[in-house]
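Dear colleague,

I am passing on a structure together with some notes on what came out of going through it. Please look it over before reading on.

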Amino acid sequence: MTQLLGKNPFRPGVGTKPLYLAGRDRPIRRFAAMLRAAPEQPANMRLTGLRGVGKTVLLGEFQAIAEKGGWASAVLEFQPGHNREDAMAGALLNVTQDSKLRLSRIERIKKAVGGAVKSAGTLGIGWNEFQVTYDPMVEQQREDITKALFEVVETAIQKGRTGFVLLLDEAQIIRDETKRDGEHPLSLLISSIAALQRREIPLGLVLCGLPTLTGNLLKARSYTERMFRGEEIGSLEESDAREAFEQPLAESEANVAADGDLIGRVVEEVEGYPYFIQLWGAELWDAAEIADVDRLTAGLLDVARPDIYRRLDLDFYNPRVETLTPAEQDVLLGAANADYPPLEVSKLNDAIEKTPGNVNVLLGRLVDAGVLFRIRKGEYDYTAPRFRDYLVRRARASRAAGSPTPGGSDEPTLFP
Ligand SMILES: Nc1ncnc2c1ncn2[C@@H]1O[C@H](COP(=O)(O)OP(=O)(O)OP(=O)(O)O)[C@@H](O)[C@H]1O
Ligand SMILES: [Mg+2]
């Protein structure tokens, strides 16, 4: 009879906290140091990286560090609909309102159970006073956001906290239009924060997202270059990647061990990408359970590989492609025949049967959809690691199915 190994210790998912967070000591130390230096030095961080490298998980860790350090905090994940001034402002007003209520509730509960409540502080300045010295407020929305942020910091201080940190995920979604009379939600956000920080109001900001975020910020306000500490995270170094695989096994209740050469092969195959480590681990664990063994071996990896890639395509890659229009999918699949890396527009034009103007527009849409990002003028890359391999698999599967159209094949994926 099959012995159950117990709960799978690997956690492939979206923002799912791993059992062991590997290789992120440096950004964690920098974040903690940044908070300690605030408010005299504005606490703003830009955290960027490709899909699945662990940005959301790290953002959660930042929040835990902030709270432990006495700061109040809130996380907001932007959705595509937030990329407008009124929608972005609305989302900020909601999150600050929720935070104020939460701070009051925590204090009430602590008092009710006789817990220690830190003595109330004061910000030393009221909104009316602040407003007088504030830049002329041309826009009502900017005033609304600045006031909401001011008030949440004020509440945090009154409840004995050090300040308030706002952690914004998927921030690449918020970007300014180039037209002067267009929408400028990113500038609106940044200028409101900067106005408060200039007066040393203890407010911190983390903007987290795809690499496109960096360019969006530069375009929004030239001074953002100096306003943010940039942290770019990516794949894990070999020793960290090994730990990311070994530690969850060590921490699980079942006594499952992994062979040294298996760990080496996994780390090499997944190139140190955190999501892949979790996925490979989870599938190997399941395979061991089915095979009724308590050892993860290279042989097991060979058996499990088709299932691993099937799940990888289904869970990680397909959802990114399936929401695209057929024309956008054509560009992606066509691009799989052009030299890489990087994707160069001139070579894409040769590989794709569309006019250069058309290709250009579609590339822009793929950037907006978060599938590609622009490295520099005329050069692009995929936002998900190993996306190119996936596109090649997908194109092969669709050819095998005899489908003349590249997109939308339900056929089983071919494996590398
Ligand atoms: N440092 C790490 N060590 C081990 N596993 C990690 C680490 N960071 C993230 N993971 C795992 O990787 C997966 C992806 O993490 P997360 O969702 O935070 O990535 P992301 O960068 O936010 O991706 P996306 O851009 O798609 O939102 C999760 O399953 C998580 O458990
Ligand atoms: Mg994320």
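Where does Pro342 lie? Pro342 is in the loop between helix H13 (326-335) and strand S8 (343-344), where helices (H or I, at least four residues) and strands (E, at least two) are DSSP runs numbered from the N terminus. The peptide bond from Pro341 to Pro342 is cis, with omega near -15°.

Before the rest, some conventions: this is a predicted model, in which local features need pLDDT of at least 70 and side-chain atom pairs count only at pLDDT 80 or more, while totals for chains, interfaces and linings use all residues. Residues are numbered from 1 along each chain as its sequence is written, chains are lettered from A and ligands numbered from 1 in the order in which they are written, and side-chain values use heavy atoms, with hydrogens and water left out.

In the loop between H11 and strand S7 (295-296), Asp292 has a phi near 60°, a positive value in a residue other than glycine. For context, most residues other than glycine have a negative phi, and most peptide bonds are trans.

Turning to the ligand, 23 residues surround ligand 1, the closest being Arg11, Gly15, Thr16, Lys55 and Thr56, where a residue counts as near if one of its heavy atoms lies within 4 Å. The shell divides into 11 nonpolar, 7 polar and 5 charged residues (Ala, Val, Leu, Ile, Met, Phe, Trp, Tyr, Cys and Pro count as nonpolar, Asp, Glu, Lys and Arg as charged, and the others, Gly among them, as polar), and helix H2 (55-68) and H11 each supply at least two residues of it. Among the polar contacts (pairs of N or O atoms within 3.5 Å), a polar side-chain atom of Thr56 lies 2.8 Å from an oxygen atom of ligand 1, a backbone N or O atom of Gly52 lies 2.9 Å from an oxygen atom of the ligand, and a polar backbone atom of Gly54 is 3.0 Å from an oxygen atom of the ligand. The protein covers 97% of the 640 Å² of accessible area that ligand 1 has on its own, by the Shrake-Rupley method with a 1.4 Å probe.

As for helix packing, the axes of H9 (residues 238-251) and H11 (residues 274-291) come within 10 Å and cross at roughly 35°, with axes fitted to C-alpha atoms over the stretch in contact and angles running from 0 to 180 degrees between N-to-C directions. In this pair, Ala241, Ala244, Phe245 and Leu249 of H9 meet Ile277, Gly281, Leu284 and Trp285 of H11, contact meaning heavy atoms within 4.5 Å. By class, this contact has 7 nonpolar, 1 polar and no charged residues.

Best regards

Methods:
Polar contact = N/O pair within 3.5 Å; in protein donor to acceptor, adjacent residues only side chain to side chain.
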